[in-house]
Amino acid sequence: MGRYILKRVGYMLVTFYVVITLTFLSMKMLPGTPFKFANRLTPEQLNQLKHYYGLDQPIPVQYLHYLWNMLHGDLGGSFQYGMQPVTEFLLQRFPISMELGIESMIFGTVLGIVLGIISGIYRGKFLDWGTVTLTVLFISIPSFIFAAILQYFFSVKIQLFPVIGWDSPMTHVLPVISIGVGVMASIARFMRTEMVEVLNQDYIVTAQAKGLSTVAVIYKHAIRNAMIPIVTVIGPMTAAVVTGSLVIENIFAIPGIGSQFIDAIVTNDYPMIMGTTELYAALFIVTILIVDILYGVIDPRIRVSGGKSS
Amino acid sequence: MSHLLEINNLSVKFHIFGGTVQAVRGISLNLNKGETLAIVGESGSGKSVTSKAIMGLIPSPPGEIATGDILFEGNDLVKYSKKQLQKIRGKEISMIFQDPMTALNPTMKIGKQIMEGLIKHQGMTKHDAKKRAIELLQLVGIPNPEKRVDEYPHQFSGGMRQRVVIAIALACNPKILIADEPTTALDVTIQAQILDLMRDLQKKTGTAIILITHDLGVVANLAQRVAVMYGGKIVETGTLDEIFYNPKHPYTWGLLSSMPKLHAKTDKLLAIPGTPPDLSNPPKGCPFAPRCPYAMKVCTDHMPEYTEMSSTQRTACWLLDERAPKVEPPATIGVGGSNND
C-alpha cells in the first residue's frame, strides 16, 4: 500500500507540473496587458512598468523564474493589489469556497444516497417515479436559476433567509441548497441504478434464503455493494463543486475564491491566475487520490490487488 | 405416514408484459426425512421455480403461487406471512445455489456470512457464532478454517466457495436442503468432491435433500428418488432404479439416451429433437407430444393421467393406456456408461 501511494504521488507531481506549464503558456497567449490604461501610457512608461513586474524578460526566463520561486513557496504578488502575496489571498478566500463546497457535497450526497436507495428498492412504484421525476428536474435546472428562485421565495417573499452574504449559518442555507440539489440528483440517479443492479445479484437471494429480514438484507448486503461505484463519482464531484461554484459565489456575493479567479482572468493578473489554477488543480488531484484509497477501504477485492502488506 | 414435505397440485404463474407464463402447472411431490429426491428436467421445465416456491422466494409481483399447497411438517407454507417464512428459511429449509462465484457477498467476510443465520435463528452471541462458523468450515472441508473465516470470497476458489455456500446452508441444521444445480458451475473434478461432501454431510446430519439438476450423472450419484419434469409438469416419478432401469415415459427415455456414455460406439451425442413448449401458451395435451416420436392423436388433445407402475413409480403417458400400441424403449438408454462415478 505504501509503495502504491508513493507511486501515485509521483504521478500527481507530474500532472501538477504539466498543469502549471500549460496554464503559464496559455496565460501568456492572452491578449492585453495587466495595466488598466495601457493605451494612455507612453512606450517609455510601459517599459518601465514591464521591467518593474519582470515582464520584459523572454517568456522562458519568466517561466523558469516562476518555477524557481514556486519551489520556494513564493507564488508572486498580485498585480492588481499592489504586489500583495497571492498566497495570502488564497489562504484567506479558499477556506470559504471549501466550506461552501463541502457543505453542499454533504447535503447532496446524503440526500442523494437516501433517495437513490429508496428509489431502487421501490423500483417501478410511485416513490420511484416521484424520485426519478424530481432528479431529472434538478439535473436539468442550472444552479443559478435555482438560486434565483430560492432567493425570490425564501428571501424576498417570506424573508426567512438573507438574500446574500456569508457569515451566520442562516446565510449558508440558500447557496448550499442551490449547489446541493444538483449533486443530490446526480447521486440519486446513480445510486438508484446501482441499487437495482445489486438487488438482482445472486448473493441477495442467498441472504434472503438465510431468513434475514428485508431490512437486514438491504442494509447489510445491498447498500455497501451499491456504494462502491458511488465513491468514484463523489471524489471528482467534490473537486468540481469546490472549484466550480463561481456562479453561485457571485450570485450570493460570497467572498470565495471563485470571484477572485474571474477577476484575475479579466484583468490579466498573471500571478493570481497561476495561483488559483494551481490550487484548483492540486485540490482535484488530491481528491482523486483520496478516492482511490477509499475505494480500497470499501471494496476488499481492490485492497488485495493493490498490494497490501499486512 | 406423513411426509416431511408434501406439495399438492402446485401451480406458479408469472404475470409479465404481454401475458402469463405458467412455469409450474399443478405438480405434486413429497419428501421424506433424510432422503434425497432429484428433480430433473431441461432448462425451463419449472424445476428451479419449484424450489423457489418451497423457499417462499418467488418474487411477487410478477410471480404468484396460483394454486396448491406446500405442507412442511403439516403446515402450509403458501399461507405463511413474510415474517413466518423468514423463520423457516435458513433454519428449517435452506438452499444452495448454482453459481458459487456470485452467490456470496463480495464485501463481507466469509465468517460473517455464515454467522448471520446463526445469530438470527439460534440467538447465538457473535463469539459463539464465530466458533460455530469455524466448525462448519472444518465440516465442509476447508483447510485452516481459523484463518479463512476472516477472508473474503474473492480469496477462495470456485469449489471452495461452493463449500462455503454449503456451510451457510447447513449452519442451522436444516431439515431440508434444496440444492439448485449445485455442481453445474464447477469443474468436473471439483463436482465429484462436492457430491461426495454432500453425501457425507447427509449421513452425518440426516438432512433431506431436494436436488435440482439436469445432470443424470449427479442424480445417479446422490438421489434415492427421481421426479422428471417437463413443461411445468411432472411426467414421471420413481425410485432411482426404476427411472434408470425401467423408465416408462418417452421423455425419460430421451433424457437417458442423451446422456453421454463412456463406451459408446459412435462419437455423436444424442439429442432430443425440437424445443420445449412455450409456457406462456401451454399445450392442452401432453407437453412432450410435439417432440415425442411415439405421439398419437390423443396426446396433443388430452393430458394423460398418471399410471401407477409400482407403489413408487408413476408415469403420465398415453402409451401406458391399454388401448395404445405397445412400444419398446430405444436401445440407446442403456445405463452402461459411467458418468461422475
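# Two chains in a predicted model

Q: What percentage of the 341 residues in chain B is buried?
A: This is a predicted model, where local features need pLDDT of at least 70 and side-chain atom pairs count only at pLDDT 80 or more, while totals for chains, interfaces and linings use all residues. Residues are numbered from 1 along each chain as its sequence is written, chains are lettered from A and ligands numbered from 1 in the order in which they are written, and side-chain values use heavy atoms, without hydrogens and water. Buried means under 20% relative accessible area, exposed over 50%, and partly exposed in between, with a 1.4 Å probe and protein chains only. By that rule, the buried share of chain B is 52%.

Q: What radius of gyration does chain B have?
A: The radius is taken over C-alpha atoms, and the globule rule is 2.2 Å times the number of residues to the power 0.38. For 341 residues the rule gives a value near 20 Å, so chain B agrees with a compact globule at 21 Å.

Q: How many helices and strands are there in chain B?
A: Both are DSSP runs numbered from the N terminus: helices are H or I with at least four residues, strands are E with at least two. Counted this way, chain B has eleven helices and twelve strands.

Q: Which elements do the buried residues of H8(A) pack against?
A: Helix H8 of chain A covers residues 202–209, and its buried residues are Tyr203(A), Ile204(A), Thr206(A), Ala207(A) and Ala209(A). A contact means heavy atoms within 4.5 Å. The partners lie in both chains: in chain A, helix H7 (169–199) and helix H9 (214–243), and in chain B, helix H1 (47–55) and strand E6 (93–96).

Q: Which residue just after H8(A) takes a positive phi?
A: The phi in question is about 90°. It belongs to a residue just after H8(A), namely Gly211(A).

Q: Is Ala253(A) buried, partly exposed or exposed, and what is its relative accessibility?
A: Most residues other than glycine have a negative phi. Ala253(A) has a positive phi of about 50° although it is not a glycine, and this residue is in the loop between helix H10 (246–251) and helix H11 (257–266) of chain A. Ala253(A) counts as partly exposed because its relative accessibility is 41%.
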